[in-house]
Number of protein chains: 2
Amino acid sequence: MLTISAKEMKDVLYELFKKYEFTESKANLLAEVFTQNTLYGVNSHGINRVPYFIETVKKGIVKVNEEAKKIEAFGNIERWDGNQGPGIINAVTCTNRAIALAKKDGMGLVALRNTNHWMRGGYYGWQAAKENCIAILFTNTQPNMPAWGGKESRIGNNPFVVSIPRKEGHIVLDMALSQFSFGKINNYKLKGEQLPYHGGWDEDHKLSKNPENILKTEQGLPIGYWKGSAFSIVLDMLATLLSAGNSTYKIGLKEHETAISQVYLCIYPEIFHDQDLQHTLINEIINYTHDVTPSEKGERTYYPGERAANAEKHNSKNGMKVNKEIWQKVLSLL
Amino acid sequence: MLTISAKEMKDVLYELFKKYEFTESKANLLAEVFTQNTLYGVNSHGINRVPYFIETVKKGIVKVNEEAKKIEAFGNIERWDGNQGPGIINAVTCTNRAIALAKKDGMGLVALRNTNHWMRGGYYGWQAAKENCIAILFTNTQPNMPAWGGKESRIGNNPFVVSIPRKEGHIVLDMALSQFSFGKINNYKLKGEQLPYHGGWDEDHKLSKNPENILKTEQGLPIGYWKGSAFSIVLDMLATLLSAGNSTYKIGLKEHETAISQVYLCIYPEIFHDQDLQHTLINEIINYTHDVTPSEKGERTYYPGERAANAEKHNSKNGMKVNKEIWQKVLSLL
């Protein structure tokens, strides 16, 4: 592993995105988000994804010069079309728009169609929280899990984000609806370990903790078995019908995952003019959750986003650990 | 088991609630909701809960003559106080209010504090869907599950509802965030069976499939282990801060579960004037989800709410199966 500073990574990525003909401001934003994602400890949707992102740019799956545009509006609900532009930039745009609507009307919703992978959804949760907004954000994906009761993959792991602003550290839940990502399952495989809990289906359609067997089928398991399966279906329906965009079904008909659908809902809690009370209530919940006997020695409870914020602090000070081959691959693209 | 028709049950319950001094219209609504919940196959939050509901009325936990009142409003976001009135009536009121706001502005949110148990959250999902609205509804509860990493119960199973209108049958996800309810765990105990998956913690704080051991600790397991734990925390935070009401922490300080906090968010998708397209998109998702090889012989996939709707059809035609002792208990209260 190499140790890279945020400044070094951002400078390299800025040059890289400029080379692929993004404007200066877009290259800067992309470099910022990929670097932040790595700073927050999510290398899988930070630096590790850069080579694949460049590939999708080269193939024209991500359209360098396209941007999200408003298509329709009714009050504080809007439909936008991402025009297959870069998912990160479209997501930042639509989060900003939902924040602006929320600050004006208390609440705003942007439904976005035809966008690309937003990488780490948590980024946009933090983006809204930094603007003192609550956010509920979700995206559909290609089919990568069977719906409960069937064998073939029919539902997406549909990442889901909820964020709540708080001055000592924002609360940000950022979870895919699969119990384990394929990236995490692969890490267990590389370490020669079994998963601690069921993580997907094997070739005999049995629930499995064996990473190799799950990676053969590429069939993940939804959180909560039948419950996460149903939750995934409704998130896909909401994103699809509110944006009039592609469902997981339609995305699955494409060669690559693209032209996906997302929802950005923001609420501005300061409309109630009792921020001190709200702050007390949230801190009471956090203190109550923290005040426990550890389940095992060395364990503790965290509020959502707490570990990511700790990683950001640590990595800002000490640099980010980056896989050497991935960094060399990124440099070779320059 | 007895077989009771919807008419018979509703008539009996109407008389019962009148006896406990509910007004005619409130007695009628309570009787309707408890009966509908049973018709939809959810006896645990229908007829089976009536004796406990009457107990809470007798103890003054549910205040017969109190109603939910609007406290504050900003645009299409409102805060209401349930004044510890009956949870069912408060929930119907706040769902109607969120529907009205959504039909006017596209989207409406009602945060309700100091209410009581809403029984079956799905009822209000169907209520919104029958008015052609999308609904996202949730409630906090008393602490009944440990947060991931700790031993003591700190989070609620916080039922969460998402509904989407559809003319051939509404889509309604109605799930608690526990993998199994204590009622279901008790059913396994009565049958002398183990749970098929982890359902909670035993006295040594080990994950368990043994219903008896879980019922000893009354510590349920969140769906998706650490993921549902985090989801429960953010739902509690949202309900608490938007309503300025009690959190799971505060509810846990009370002798009984009461004065809880809830959120009612409705969206009116007809603002986009493309109901035919929306209908096609939703049906494509349903058809795709249905079109699978069964995971096991006799299995199939369902869209959320499909089984409940089937139960409603079956029970409307054939009558509802009701536990004899529970029915006699209800009659004895008359």
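Mentor: Welcome! Angles under 35 degrees count as roughly parallel, over 145 as roughly antiparallel, 65 to 115 as roughly perpendicular and the rest as oblique. Before we use that, note that this is a predicted model, in which local features need pLDDT of at least 70 and side-chain atom pairs count only at pLDDT 80 or more, while totals for chains, interfaces and linings use all residues. Residues are numbered from 1 along each chain as its sequence is written, and chains are lettered from A and ligands numbered from 1 in the order in which they are written.

Trainee: Why are helix 4 and helix 5 of chain A called roughly parallel?

Mentor: Helix 4 (residues 87-105) and helix 5 (residues 122-130) of chain A pack at about 30°, their axes 10 Å apart. Axes are lines fitted to C-alpha atoms, for helices over the stretch in contact, and angles run from 0 to 180 degrees between N-to-C directions. That angle of about 30° is under 35 degrees, so the two helices of chain A are roughly parallel. Helix 4 of chain A also passes helix 5 of chain A in a right-handed crossing, a name used if the near helix is turned clockwise from the far one by less than a right angle, left-handed being the anticlockwise case.

Trainee: Which residues meet between helix 4 and helix 5 of chain A?

Mentor: From helix 4 of chain A come A:Ala91, A:Val92, A:Thr95 and A:Ile99, which meet A:Tyr124, A:Gln127 and A:Ala128 of helix 5. By class, this contact has 5 nonpolar, 2 polar and no charged residues. Ala, Val, Leu, Ile, Met, Phe, Trp, Tyr, Cys and Pro count as nonpolar, Asp, Glu, Lys and Arg as charged, and the others, Gly among them, as polar.

Trainee: Is A:Leu101 buried or exposed, and how do you know?

Mentor: A residue is buried if 20 or more other C-beta atoms, placed from the backbone, lie within 10 Å of its own, exposed if 12 or fewer, and partly exposed in between. A:Leu101, in helix 4 of chain A, has 24 C-beta neighbours inside 10 Å and therefore counts as buried. Beyond its neighbours within four places in sequence, A:Leu101 is in contact (C-beta atoms within 7 Å) with A:Asn76, A:Gly108 and A:Cys266.

Trainee: How does the radius of gyration of chain A agree with a compact globule?

Mentor: The rule for a globule is 2.2 Å times the number of residues to the power 0.38, and the radius is taken over C-alpha atoms. For 334 residues this gives a value near 20 Å; chain A has 20 Å, which agrees. Buried residues make up 55% of chain A, whose C-alpha atoms fill a box of roughly 55 × 55 × 45 Å along the principal axes.

Trainee: What makes up the side of chain B that touches chain A?

Mentor: The contact takes 66 residues from chain B and 66 residues from chain A. Helix 8 of chain B gives the largest share of the chain B side, 12 residues. That side divides into 38 nonpolar, 16 polar and 12 charged residues.

Conventions
Helices (H or I, at least four residues) and strands (E, at least two) are DSSP runs, numbered from the N terminus. Two residues are in contact if their C-beta atoms, placed from the backbone, lie within 7 Å.
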